[in-house]
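My entries are set down below in the order in which I made them.

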Amino acid sequence: MASTDTAGPDLAGLEAGLDALDAVPDRRVSWRQVLLRKVLPPVTAVVLVLAVWKLLVVAGVTDDYKLPDPSAVWGSLRELWLNGTLFDIIWTSVSRGLLGFVAALVIGTPLGLVVARVPFVRAALGPVLSGLQSLPSVAWVPAAVIWLGITDAAMYTVILLGAVPSIANGLVSGIDQVPPLYLRAGRTLGATGARGARFVLLPAALPGYIAGLKQGWAFSWRSLMAAELIASSPDLGLGLGQYLENARTDSDMPGVLLGILLILFVGIAIDLAVFSPLERRVLRTRGLAAR
């Protein structure tokens, strides 16, 4: 009788411990912690870069036309702002890049799903997708210009050829990491075919899929900048790539550095505004990140 009484509290304690392991602590992050962890480090890094840049200019390590003062770059930015062309230049490239990325998403998602689930298609297209992903996007620009001329269609073609393989491979990688038990459980509940892909495969593969989307956006943006740099034309409007090329043609080093900084800023801003929150939300739903 005594042993039974002793086993009861032990079993209850074991169950309580297992429940505690399963429970995800609700760790709310304060605004102060956000500022210290998310805002302060990049701001500090930017300040340090500007300080080193200024010191190099003051020390005269090279000619001014090669490394202009940060104030000269600021002057170029201010000139674009006063002329009212800054946001037009940025939006020309951003709108083109986002539209191309959405098109790559529509094509790359079903392609990745088919490659991941059909062995013959995977054997045929898997190496091709990997090869296309490793091919520099700039290599497609001459071919796209010959095929389609210096037009928006050529720009979108370069974006698609750069982004679709990354999105498809990201989804394939995510699906490969889905435990087979999930698929068997889905089939038992009647989730087969398209229903299984929608309600089992895609949700389970979401972390890898989002990683593919982030990489797909990076390839979209890089592909677009390469296309705008090489295939610049007044008919396409003045985007960031063409602004950078115009500054190079004019030997305007402050403009060149400003173009580089704007391209970098847009890429980081899109990632922080779209993909990072989406990734954090997925991780939180899986108990892998603080709320």
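**Basis.** I note that this is a predicted model, in which local features need pLDDT of at least 70, side-chain atom pairs count only at pLDDT 80 or more, and totals for chains, interfaces and linings use all residues. Residues are numbered from 1 along each chain as its sequence is written, and side-chain values use heavy atoms, with hydrogens and water left out.

**Whole protein.** I looked up the secondary structure and found 12 helices and 0 strands; helices (H or I, at least four residues) and strands (E, at least two) are DSSP runs, numbered from the N terminus. Of the 291 residues, 34% are buried, where buried means under 20% relative accessible area with a 1.4 Å probe, protein chains only. For the accessible surface I recorded about 17400 Å², 67% of it belonging to carbon and sulfur atoms; the areas come from the Shrake-Rupley method with a 1.4 Å probe. Among contacts (heavy atoms within 4.5 Å) with a separation of 6 or more, 70% are between residues 24 or more positions apart.

**H3 and H4.** I then turned to helix H3 (residues 70-83), which packs with H4 at an angle of about 95°, the axes being 6 Å apart. Axes are lines fitted to C-alpha atoms, for helices over the stretch in contact, and angles run from 0 to 180 degrees between N-to-C directions. H3 is therefore roughly perpendicular to H4, a label for angles of 65 to 115 degrees; under 35 counts as roughly parallel, over 145 as roughly antiparallel and the rest as oblique. Leu 77, Leu 80 and Trp 81 of H3 make the contact with Leu 86, Phe 87 and Ile 89 of H4. By class I recorded 6 nonpolar, no polar and no charged residues; Ala, Val, Leu, Ile, Met, Phe, Trp, Tyr, Cys and Pro count as nonpolar, Asp, Glu, Lys and Arg as charged, and the others, Gly among them, as polar.

**H4 and H10.** The axes of H4 (residues 86-117) and H10 (residues 206-230) come within 9 Å and cross at roughly 135°, so the two helices are oblique to each other. Among the residues that meet here, I noted Arg 96 and Phe 101 in H4, and Trp 217 and Glu 228 in H10. This contact has 10 nonpolar, 5 polar and 2 charged residues.

**Ser 137.** Is Ser 137 buried or exposed? I found that Ser 137 counts as buried because its relative accessibility is 10%. Ser 137 sits in the loop between helix H5 (119-134) and helix H6 (140-148). Beyond its neighbours within four places in sequence, Ser 137 contacts Val 158, Gly 162, Phe 219 and Ser 223.

Conventions. Buried < 20%, exposed > 50% of the residue type's maximum accessible area, 1.4 Å probe, protein only.
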